[in-house]
Amino acid sequence: MLVRAAFLAAFVASAVALDAKRPYCKPSQSCWPSPIGWAMLNATIGGRLIKVVPFAKPCYDDPSGAACQNLLSGKYADPVLRSNTPGASEYLNWESCGSANCELDLVVPSDAPLGNCSLGRLSVYAVNVLTPLDVTASIYFARLQNIKIVVKNTGHDTFGRASAPDSLMIWTHNLKKMSYVENFKIGKTSQPAFVFGAGVQAFEATAFAEANNKTVVQGNCGTVGITGGWWAGGGKGTFGPLHGLGAENVIQVTIVTPDGVIRTLNSESKGDEADLFWAIRGGGGGNWGVVTEVVMKAHPKQPYVSITYTAPTVDHTNRPVVDNIMKDFIVALATVQAKLAAVSAYGEHWFNPYQLYGGFSFPGTDVAGATKLAQPVLDIFTKYNSSFAAVSVNIVPFPSFAAMAATLPDTQFYGFNSRIATRFIPKKLFATNQSIETLADALIEGYYLNVPAGSPQSGIDLIASVGVGIDTGGPINVKNRPATAVHPAWSDTFWQITYATGWTKNLAAMGLVPVLTDSVSQSVEPLRRLTPGGATYYNEGDVNEADWQNAFFGSNYPRLLAIKNKWDPSRVFNVWKGVGWVEKQDSSEYCYYESV
């Protein structure tokens with residue numbers, strides 16, 4: 001404790017006015033801390049400074065060794081194991097900086113690794129945070145030494161904001177506190193609530209809520225951190241239509257701000273702190289400070305009716321047939337979307353020439369009613385019966401969300417390089433048959449822009465069979481939503497569309513990455529034309545989004561920028577295309593252009 005006190009006092013005396021806008025210090029430079037400097041930080045935080053080691057390094061050191069063989073046994077793509085490791089991201093491109101990386105090929109991981117093992121985009125050191133004071137010490141050290149900070153819980157980050165080369169990682173993953181409070185008081189009001197540490201993941205929160213006969217909002221993947229960047233960027237998921245976005249369910253946070261001060265923010269906060277509480281709920285994760293604890297609304301235990309389906313096509317190369325299937329599928333889903341929203345149903349649906357798959361989640365116990373609403377979509381399988389190799393439809397009532405979630409597959413690819421591009425589809429495009437037809441044509445055009453005929457990716461089933469996603473998790477039917485910084489477009493959004501691509505290390509060695517990433521960015525152009533000045537989800541956008549201030553934040557951006565300038569004028573926290581990001585100043589320090 002004496003070491004910590006001395007370190008903090010030294011910072012206050014010498015580093016209050018640091019200019020973080022100059023280039024960050026790198027390990028190759030004389031400004032980089034000496035081993036003694038790092039040892040001082042380690043002593044200050046109780047010996048929990050971790051020298052980051054890439055996840056796949058054992059296979060570069062000794063491919064036949066036990067540690068490597070353990071990874072090759074199926075654990076290389078294990079999202080839980082990856083989230084428990086500071087030297088891993090869920091998606092490999094956010095571990096790479098150009099050709100510098102330490103990855104295996106997901107398809108044939110037993111192949112000899114290509115090249116040398118290096119940190120790439122990974123941090124040099126990570127602070128294993130167990131208390132808010134660990135964060136304070138880390139911020140002070142990084143500011144004093146002019147080292148870039150990144151904040152990470154799980155690394156389940158499609159935008160790469162939780163990694164940056166030559167950085168110090170503030171790793172909140174082991175803040176696993178969970179408690180339930182029947183009457184959590186803020187001011188004169190009280191309500192049932194959960195208190196979660198910043199490292200709690202969705203699968204952990206789900207089980208804890210179930211044990212307390214309650215429900216808590218969350219994303220669609222169990223390994224996503226429920227208390228990290230998910231809610232800070234808005235937080236969509238199954239409960240969006242019923243209970244609102246994640247940001248709208250956060251009623252209190254404990255945050256360490258860029259000045260190193262530990263603050264508690266809620267609806268009783270005043271002045272600048274009230275502005276900050278508004279901003280962090282929807283204004284993006286990793287950019288306002290480090291959240292160490294979150295209090296979220298506890299909702300009653302919720303039964304669901306689940307309707308899931310898979311329908312692979314007989315011949316994905318028969319374009320006239322598969323195009324008709326895809327269009328009729330989209331039109332059927334769009335035609336019933338208003339009715340689905342009216343009953344707070346959630347849906348995650350995927351289509352491409354290879355297959356249709358996905359499902360609906362209806363709150364309640366009315367199996368017949370849920371089936372009737374979904375029937376126009378299910379009828380597609382009958383209409384094109386001879387064009388499907390097989391069709392599987394499962395209609396199951398569940399006593400709770402937790403029971404349903406335990407049966408649903410994770411549709412994500414982990415231990416894989418991935419890039420996406422997304423767009424919100426506003427309610428007005430569902431108003432007429434003509435507008436729905438136009439929307440369907442645009443979605444299909446987007447698929448073929450992502451996988452053009454004759455392109456390298458069109459001949460690689462692993463890539464060409466990645467579906468176009470239709471997500472219906474917006475809060476359009478939720479009343480009395482609290483004031484937060486989430487994009488105003490959420491209030492008028494029926495669908496989020498996702499185009500995706502991916503690659504392995506061997507495909508990257510063939511030079512395909514620029515082709516794939518350019519194509520996925522182009523895939524949303526038909527939807528941009530349909531929705532000029534439109535929006536998308538901050539957590540799942542295109543890293544090349546040109547109109548990012550409007551697309552991610554909308555009319556909230558000027559206020560958000562003013563709050564950012566107030567709380568973090570020297571950009572202690574700075575993430576790619578987050579509030580306050582400036583391309584000319586901030587492009588080189590992330591490796592986005594090198595890693596595409």
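K566 is exposed, at 53% relative accessibility. Here, exposed means over 50% relative accessible area, buried means under 20%, and partly exposed is in between, with a 1.4 Å probe and protein chains only.

Before I go on, the basis. This is a predicted model, where local features need pLDDT of at least 70, side-chain atom pairs count only at pLDDT 80 or more, and totals for chains, interfaces and linings use all residues. Residues are numbered from 1 along each chain as its sequence is written, and side-chain values use heavy atoms, with hydrogens and water left out.

Back to K566. What does its side chain meet? D272, in a salt bridge at 3.4 Å, N to O. K566 sits in helix α20 (residues 557–567) and D272 in helix α10 (residues 271–280), so this pair ties together parts 294 residues apart in sequence. D272 is partly exposed, with a relative accessible area of 34%. By salt bridge I mean a side-chain nitrogen of Lys or Arg within 4 Å of a carboxyl oxygen of Asp or Glu. Helices are DSSP runs of H or I, at least four residues; strands are runs of E, at least two; both are numbered from the N terminus.

How many salt bridges does the rule give? The count comes to 23. The general point is simple: side chains of opposite charge can pair when their charged atoms come close.

Next pair: E210 and K301. Their side chains form a salt bridge at 3.7 Å, N to O. E210 is in helix α7 (residues 202–211), and K301 is in the loop between β11 (299–300) and β12 (304–312), so parts 91 residues apart in sequence are tied together. E210 is partly exposed at 26% relative accessibility. K301 is partly exposed too, at 32%.

Now a local one. D61 bridges to K57, with the closest N and O atoms 2.8 Å apart. Both lie in helix α3 (residues 57–61), four residues apart, about one turn of the helix. D61 is exposed at 54%; K57 is partly exposed at 29%.

There is also a network. Salt bridges link K236, D471 and E540.

Let me turn to helix α17, residues 513–522. Which of its residues are buried? V513, L516, T517, S519, V520 and S521. Their cover includes β16 (417–426), α14 (433–450), α15 (461–464), β18 (493–503), α16 (505–509) and α18 (525–530).

L462 is partly exposed at 34%. With V107 and V108, L462 forms a nonpolar surface patch of about 220 Å² accessible area together. Patches take residues with over 30% relative accessible area and no salt bridge; like charges are joined within 9 Å, and nonpolar side chains (Val, Leu, Ile, Met, Phe, Trp, Tyr) within 5 Å. The areas come from the Shrake-Rupley method with a 1.4 Å probe, and for residues only the protein chains shown count as cover.

Last stop: S83, in helix α5 (residues 79–83). Buried or exposed? S83 is buried, at 0% relative accessibility. Leaving aside neighbours within four places in sequence, S83 is in contact with E90, N153, T154, W171, H173 and Q201. Contact means heavy atoms within 4.5 Å.
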